[in-house]
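Here is a friendly walk through the charged side chains of one protein model. Keep the sequence and the 3D view at hand as you read.

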Amino acid sequence: AIYDLANRGLLPASFVLVGFGRRDWTHEDFSKIVLDAVKQHARTRFRQEVWDRLAEGIRFVQGNFDDEASFERLAEALEKLDAERGTGGNHAFYLSIPPKAFQTVCEQLQKSGLARPLEGRWSRVVIEKPFGHDLTSARELNAVVNSVFPEEAVFRIDHYLGKETVQN
């Protein structure tokens, strides 16, 4: 979906995509995974020049959800990218993670300062459903998320319908 947005000219040239996970990947490893997915699933024709421009902003940060140092590395990487690519400190965190990890990740984003928007910048979170397993657990998760991000910075999307939401 991100490639399709870039291919349609709907992403700024400064756009950055940062993956975060336990895998011991380099930026190049992650970029190759993304490229393979683009070639397999893109809805628009593949154009090398669009990919090359998008690939300039693809990075990967290795880390664990429960490790503060991992989120410090993520914050450092984003700060460096803000300076190098001119992203203006605007960050959207796409949490396609198990519901049991929401609290830990939200707390880590808060501790690292990544959830706190600075003057003239925004910080948002996109959460894929399922969001809990019943109304009570959904409310508990919502309280956790809203303790870190204000409601106007929280976007919840359906796991299966999210692809269309991002594309449009």
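## Ground rules

Burial comes up throughout, so here are the cut-offs: buried means under 20% relative accessible area, exposed means over 50%, and partly exposed is in between, with a 1.4 Å probe and protein chains only. A salt bridge is a side-chain nitrogen of Lys or Arg within 4 Å of a carboxyl oxygen of Asp or Glu. Helices (H or I, at least four residues) and strands (E, at least two) are DSSP runs, numbered from the N terminus.

Please bear in mind that this is a predicted model: local features need pLDDT of at least 70, side-chain atom pairs count only at pLDDT 80 or more, and totals for chains, interfaces and linings use all residues. Residues are numbered from 1 along each chain as its sequence is written, and side-chain values use heavy atoms, leaving out hydrogens and water.

Side chains of opposite charge can pair when their charged atoms come close. In this model, seven salt bridges are counted.

One of them joins Asp 36 to Lys 32, with 2.8 Å between the closest N and O atoms. Both residues belong to helix α2 (residues 27-41), where they sit four residues apart, about one turn of the helix. Asp 36 is partly exposed at 34% relative accessibility, and Lys 32 is also partly exposed, at 47%.

## Pairs across the chain

Glu 56 forms a salt bridge with Arg 85, their closest N and O atoms lying 3.7 Å apart. This pair links distant parts of the chain, 29 residues apart: Glu 56 is in the loop between α3 (48-55) and β2 (58-62), while Arg 85 is in helix α4 (residues 68-85). Arg 85 is buried at 17% relative accessibility, whereas Glu 56 is partly exposed at 48%.

Lys 111 and Glu 68 form another salt bridge, at 3.5 Å between the closest N and O atoms. Lys 111 lies in helix α5 (residues 102-111) and Glu 68 in helix α4, so this bridge ties together parts 43 residues apart in sequence. Lys 111 is exposed at 57%, and Glu 68 is partly exposed at 42%.

## A buried histidine

Now look at His 91, in strand β3 (residues 91-95). Its relative accessible area is 12%, so His 91 counts as buried. Contact here means heavy atoms within 4.5 Å. Leaving aside residues up to four places away in sequence, His 91 touches Leu 78, Asp 82, Trp 122, Ser 123 and Arg 124.
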